[in-house]
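Some labels given to parts of a protein model rest on a number and a cut-off. Please look at the model below before reading on.

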Amino acid sequence: MHRKKLSVQSVVAIGIGTAILFLLKRYVSIPSGIPNTNIDTSYGFLGFISIMFGPIVGFFVGFFGHSLSDFTQFGAPWWTWVFTTGFIGFAIGLLKRYIVLADGKIGLKKLVVYNIYQIFINIIGWVLLAPTGDVLIYSEPSNKVYLQGIISAITNSISTGVIGTILLVMYASTKVEKGSLKKE
């Protein structure tokens with residue numbers, strides 16, 4: 001059986017992406033007023049890097065970046081939320097084949113699809129997966145963790161939508177549009 005290995009580019013993207021995600025989560029988050037829940041700028045970057053490099057890189061950047069942030073902030077990772085961040089990166093990365101940034105153009109239709117999809121994924125991750133895991137694994141009070149999950153779904157969707165969209169448009173604009181070069 002032939003196994004596809006991660007490319008050097010993907011490994012480097014995981015390393016650099018993890019470092020950037022960690023820094024954003026750790027130092028560029030705004031408290032939401034709900035305990036242990038922030039308005040987190042890192043999810044816009046996670047959406048961008050996931051589209052750029054695909055689901056595997058998206059998963060590992062989210063998983064490792066969130067793990068490091070929790071470890072340095074709280075002393076131990078909160079695994080249900082760490083896994084959910086990895087899930088978000090993986091799921092958004094599945095759009096890589098639909099949104100091809102190397103084409104040099106990202107149209108309104110693709111941005112609308114990206115944003116509807118990321119909102120859907122954030123709702124699944126933060127309203128269903130993370131709080132349900134907290135209740136089942138950590139025996140956390142359901143009213144607390146579902147409130148945290150709803151707030152996280154809203155704030156992370158906004159971050160992914162605004163920051164992620166800006167990064168996608170800016171990056172795509174640096175690429176030469178396919179078929180735009182003509183021979184004279």
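Predicted model: local features only at pLDDT ≥ 70, side-chain atom pairs only at ≥ 80, totals over all residues.

Q: What makes F48 and Y171 an aromatic pair?
A: Their ring centres are 5.8 Å apart. Rings pair if their centres lie within 6.5 Å, so F48 and Y171 form a pair.

Q: Why is the pair of F48 and Y171 called edge-to-face?
A: The angle between the two planes is 65 degrees. Planes over 60 degrees apart count as edge-to-face, and therefore the name applies to this pair.

Q: How do you know that the pair of F48 and Y171 links distant parts of the chain?
A: F48 lies in helix α2 and Y171 in helix α6, and 123 residues separate them.

Q: Is F48 buried or exposed, and why?
A: The relative accessible area of F48 is 10%. Buried means under 20%, so F48 is buried.

Q: Why is Y171 called partly exposed?
A: Y171 has a relative accessible area of 24%.

Q: What makes F59 and F60 an edge-to-face pair?
A: Their centres are 5.3 Å apart, with 80 degrees between the planes.

Q: Why does F60 count as partly exposed?
A: F60 has 28% relative accessibility. Buried would require under 20% and exposed over 50%, so F60 is partly exposed.

Q: Which residues do ring pairs link into a cluster?
A: The cluster holds F59, F60, F63, F64, W79 and F83. The count for the model comes to 11 aromatic pairs.

Q: What makes K110 a charge over the ring of Y98?
A: K110 lies over the face of Y98, at 5.2 Å from the ring centre. The distance limit is within 6 Å, so K110 meets that part of the rule.

Q: How many residues line the largest pocket, and which are closest to its centre?
A: The largest pocket holds about 640 Å³ of space. Its lining has 23 residues, and M52, F53, G54, P55 and K96 are the closest to the centre. By class, this lining has 13 nonpolar, 5 polar and 5 charged residues.

Q: What lines the second largest pocket?
A: This pocket has about 430 Å³ of space. It is lined by 22 residues, with N36, H66, D70, F74 and W81 closest to its centre. The lining divides into 7 nonpolar, 9 polar and 6 charged residues.

Methods:
Residues numbered from 1 in each chain as written. Heavy atoms only, no water. 1 Å grid on protein atoms, 1.4 Å probe; cavity = no way out; pocket = protein on both sides within 12 Å on 5 of 7 lines; lining within 4 Å. Points joined across faces, edges and corners; volume = space filled by probe spheres on them. Nonpolar A, V, L, I, M, F, W, Y, C, P; charged D, E, K, R; others polar. Phe/Tyr/Trp six-rings, centres within 6.5 Å; stacked < 30°, edge-to-face > 60°. Helix = DSSP H or I, 4+ residues; strand = E, 2+ residues; numbered from the N terminus. Buried < 20%, exposed > 50% of the residue type's maximum accessible area, 1.4 Å probe, protein only. Lys NZ or Arg CZ within 6 Å of the ring centre and 35° of its normal.
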